[in-house]
Each structure stands twice: as C-alpha cells, then as structure tokens.
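Q: Before any label is accepted, could we go through the reasoning that stands behind it, setting each value against its cut-off?

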Amino acid sequence: MTQILPLAGVEFLDDATRPPPVALENVTEEQRQPGLHLRMVHDHLRHNMRTLGKLIERAKAGSVTAAQIEAETSELAIVANYRRFGNLCGQHCQIVNTHHSIEDYAIFPALAEQGEAFRKIADRLRAEHVVVHELLVRLVDALNTLAADPTPTNFETTLTIYHALERVLLSHLGYEEDAMGDALGYFSIGA
C-alpha cells in the first residue's frame, strides 16, 4: 500500500514573489480603522491557531484528556457551543473559510479597482486563499481520520498539515494586513 504524503499536490506560493504593498500618503487615523479591525479579526484567528496547535501536540503526547480539551476550549470565543476537539478544529476552519470568502467576493474586487498595483495584490491574496483552503480541507480530513483512529501515524499526518497551515495562514494574514490594511479605509472599501 502506497502512503500518500499529507502535503502532496499542494501548490505552495513563494512569499518572496508577493507584489509589494502600496504606500498610501496622508492616511488619516479614521482611514486606518478598517485595517485595524482587520488585524483584530486576524489576531483572533492567530490565537485560535496557537490554541489548536497546542491541543494537537498535547493530545499526541497523551497529556490531555477529552475533559481537559473541553474545559480549555470552552474559553475560546469560536467554540461557544462546540466543545469537542474535532468540532473545534472544524469550526475554526469554517471561520477562516468564511472570512476568506467575504474577501474574495466583496473586498478584493473593490481593491483591484484601485489600480494595477492593487489588482496584483488582490490576485495574489486570492491565490493564497486557494492554498489556505486546500490545507483547511486536508486538516479537517486528517482530524476526522485521527478521531476515528488515533495512531502515531495519524497524529504525525495531522501535525504536518497543521504546521503547514499555520505557517501559510500566519504569513498570509500579515501580508494581507500590510498590503491592504490602510487601503480599506483610504478607498472606503467595505464601508
């Protein structure tokens, strides 16, 4: 039986090929607010990624029980009614997917209308969303497999995918903030 590598076929993008952010002059504090709100949303996603990673690592090590997972995750905003490990990860993935869908269909087209440099940024951000989505799908699949069969191999597969998603998503969020944070308010995008 041939083992499929957990990241096979994922088209990772080189961060060095990202279009550079456009410097906007005379951005007011009021215009910065939508970008600061975006960072707040992203900080929430960052926090949840760290929490999920720690829980996966602790579960792998056998140092956390289902009751502990429930207790620790009940404090996360995204899990109000989702207290089981699999549902926590699945719910986080759904939140990221929804956030990206709003950007893809509402924010990026408006950003692209602001000129060629912003079109390139919007196109790149959309391409990064494809990679993030593929990793989210693979993580949910791996978590479902892990829940049904918690073997060392399934933990390793889950961790490999999780760490790839974490690396890609955190880099993407930072780039998105830098490349379009000020532009949101400057051009009244999404207002």
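A: Let us begin with the rule for aromatic rings: rings of Phe, Tyr and Trp pair if their centres lie within 6.5 Å, and planes over 60 degrees apart count as edge-to-face. The model to which this rule is applied here is a predicted one.

Q: How many aromatic pairs does this rule give, and which residues form one aromatic cluster?
A: The count comes to two aromatic pairs, and Phe 118, Tyr 186 and Phe 187 together form one aromatic cluster.

Q: What makes Phe 118 and Phe 187 an aromatic pair, and what makes the pair edge-to-face?
A: The two rings of Phe 118 and Phe 187 are 5.4 Å apart from centre to centre, with 80 degrees between the planes. The limits are 6.5 Å for the centres and over 60 degrees for the edge-to-face class, so with 5.4 Å and 80 degrees Phe 118 and Phe 187 are an edge-to-face pair.

Q: Which parts does the pair of Phe 118 and Phe 187 tie together?
A: Phe 118 lies in helix H4 (residues 116–148), whereas Phe 187 lies in the segment after helix H5 (152–186), so the pair ties together parts that are 69 residues apart in sequence.

Q: Why is the pair of Tyr 186 and Phe 187 called edge-to-face?
A: The ring centres of Tyr 186 and Phe 187 are 5.0 Å apart and their planes stand at 85 degrees, so the pair is edge-to-face, given that the class asks for planes over 60 degrees apart.

Q: What makes H4 and H5 roughly antiparallel?
A: The axes of H4 and H5 come within 9 Å and cross at roughly 155 degrees. Angles over 145 degrees count as roughly antiparallel, which makes H4 roughly antiparallel to H5. H4 passes H5 in a left-handed crossing, and the residues of this contact divide into 22 nonpolar, six polar and four charged.

Q: Why is H1 called roughly antiparallel to H5?
A: For H1 and H5 the axes come within 8 Å and cross at roughly 170 degrees. Since the cut-off is again over 145 degrees, H1 is roughly antiparallel to H5. By class, the contact of H1 with H5 has 17 nonpolar, nine polar and 12 charged residues.

Q: How do you know that His 172 is buried, and what does its side chain contact?
A: His 172, which lies in helix H5, has a relative accessible area of 0% and is therefore buried, the cut-off being under 20%. The side chain of His 172 makes a polar contact with the side chain of His 129 at 3.1 Å, and a polar contact requires N or O atoms within 3.5 Å. The C-alpha atoms of His 172 and Arg 124, which are 48 residues apart along the chain, are separated by 10.0 Å.

Q: Why does Asn 48 count as buried, and which backbone oxygen does its side chain reach?
A: Asn 48, placed in helix H1 (residues 29–61), has 0% relative accessibility and so counts as buried. The side chain of Asn 48 reaches the backbone oxygen of His 44 at 2.8 Å.

Q: Which residues other than glycine have a positive phi, and are they buried or exposed?
A: Asn 26 has a positive phi of about 60 degrees although it is not a glycine, and Ser 188, likewise a residue other than glycine, has a positive phi near 55 degrees. Asn 26 lies in the segment before H1 and, at 70% relative accessibility, counts as exposed. Ser 188 lies in the segment after H5 and has a relative accessible area of 51%, so Ser 188 is exposed, the cut-off being over 50%.

Q: What elements does the protein contain, and how much of the protein is buried?
A: There are five helices and zero strands, running α-α-α-α-α from the N terminus on, and buried residues make up 40% of the 191 residues.

Methods: Residues numbered from 1 in each chain as written. Heavy atoms only, no water. Helix = DSSP H or I, 4+ residues; strand = E, 2+ residues; numbered from the N terminus. Buried < 20%, exposed > 50% of the residue type's maximum accessible area, 1.4 Å probe, protein only. Polar contact = N/O pair within 3.5 Å; in protein donor to acceptor, adjacent residues only side chain to side chain. Phe/Tyr/Trp six-rings, centres within 6.5 Å; stacked < 30°, edge-to-face > 60°. Axes fitted to C-alpha atoms, helices over the stretch in contact; angles between N-to-C directions. Parallel < 35°, antiparallel > 145°, perpendicular 65-115°, else oblique. Left-handed = near helix turned anticlockwise from the far one by under 90°. Nonpolar A, V, L, I, M, F, W, Y, C, P; charged D, E, K, R; others polar.
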